[in-house]
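Please examine the sequence and the three-dimensional structure shown here.

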Amino acid sequence: MCTHTPKCPTASSSDREAAQVVAAHPEQGWSLLCNAVLLFEDTGELLPDGQIIAPHRPLATV
């Protein structure tokens with residue numbers, strides 16, 4: 001699906017969030033990446049195969 005150079009990481013890669021945004025809907029809280037991953041503003045993800053990745057925000061340090 002990716003036509004960028006260098007190629008974006010695949011949806012199964014650990015760095016899949018580094019793919020380029022092809023559609024952004026901040027008013028709805030999500031973006032579609034070029035590897036077909038839906039990335040939500042709470043850092044959750046929906047992969048193309050239907051797998052759900054729970055939000056993974058960094059822990060706050062005090």
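The account begins with the basis of the model and then turns to the sheet.

This is a predicted model, in which local features need pLDDT of at least 70 and side-chain atom pairs count only at pLDDT 80 or more, whereas totals for chains, interfaces and linings use all residues. Residues are numbered from 1 along each chain as its sequence is written, and side-chain values use heavy atoms, with hydrogens and water left out.

Five strands make up an open sheet in the order 1-2-3-4-5, with antiparallel pairing. Its edge strands, each pairing on one side only, are strand 1 and strand 5 (52–53). Strands here are DSSP runs of E with at least two residues, helices are runs of H or I with at least four, and both are numbered from the N terminus. Two strands count as paired if DSSP finds at least two bridges between them.

Four residues separate the two strands, which form a hairpin, and Gly-29 in the turn has a positive phi of about 85°. Strand 2 also pairs with strand 3 (residues 38–40), in the antiparallel sense and over three bridges. Here Trp-30 has Phe-40 in strand 3 as its bridge partner.

Ser-31 gives a view from within strand 2 (residues 30–33). Ser-31 counts as buried because its relative accessibility is 18%; buried means under 20% relative accessible area, exposed means over 50%, and partly exposed lies in between (1.4 Å probe, protein chains only). Leaving aside residues up to four places away in sequence, Ser-31 touches Val-21, Ala-23, Ala-24, Val-37, Leu-38 and Leu-39. A contact of this kind means heavy atoms within 4.5 Å.

The largest nonpolar core has nine residues in all: Cys-2, Cys-8, Ala-11, Ala-19, Leu-33, Cys-34, Val-37, Leu-47 and Ile-53. Such a core is a set of buried Ala, Val, Leu, Ile, Met, Phe, Trp, Tyr and Cys residues joined through side-chain atoms within 4.5 Å. In soluble globular proteins, nonpolar side chains tend to be buried together.

Not counting residues up to four places away in sequence, Cys-8 touches Cys-2, Ala-19, Gln-20 and Cys-34.

The structure holds one salt bridge, defined as a side-chain nitrogen of Lys or Arg within 4 Å of a carboxyl oxygen of Asp or Glu. This salt bridge is formed by the side chains of Arg-16 and Glu-45, at 2.7 Å from N to O. The pair links distant parts of the chain, with Arg-16 in the segment before strand 1 and Glu-45 in strand 4, 29 residues apart. Arg-16 and Glu-45 are both buried.

Two loops complete the tour. Most residues other than glycine have a negative phi, and most peptide bonds are trans. Ala-36, in the loop between strand 2 and strand 3, has a positive phi near 70°. Ala-36 is partly exposed, with a relative accessible area of 25%.

Thr-43, in the loop between strand 3 and strand 4 (45–46), is not a glycine but has a positive phi of about 75°. Thr-43 is partly exposed, at a relative accessible area of 23%. Apart from residues up to four places away in sequence, Thr-43 touches Ala-54, Pro-55, His-56 and Arg-57. A polar atom of the Thr-43 side chain lies 2.8 Å from the backbone nitrogen of His-56. Thr-43 and Pro-26 are 17 residues apart along the chain, and their C-alpha atoms are separated by 13 Å.

How values were computed:
Polar contact = N/O pair within 3.5 Å; in protein donor to acceptor, adjacent residues only side chain to side chain.
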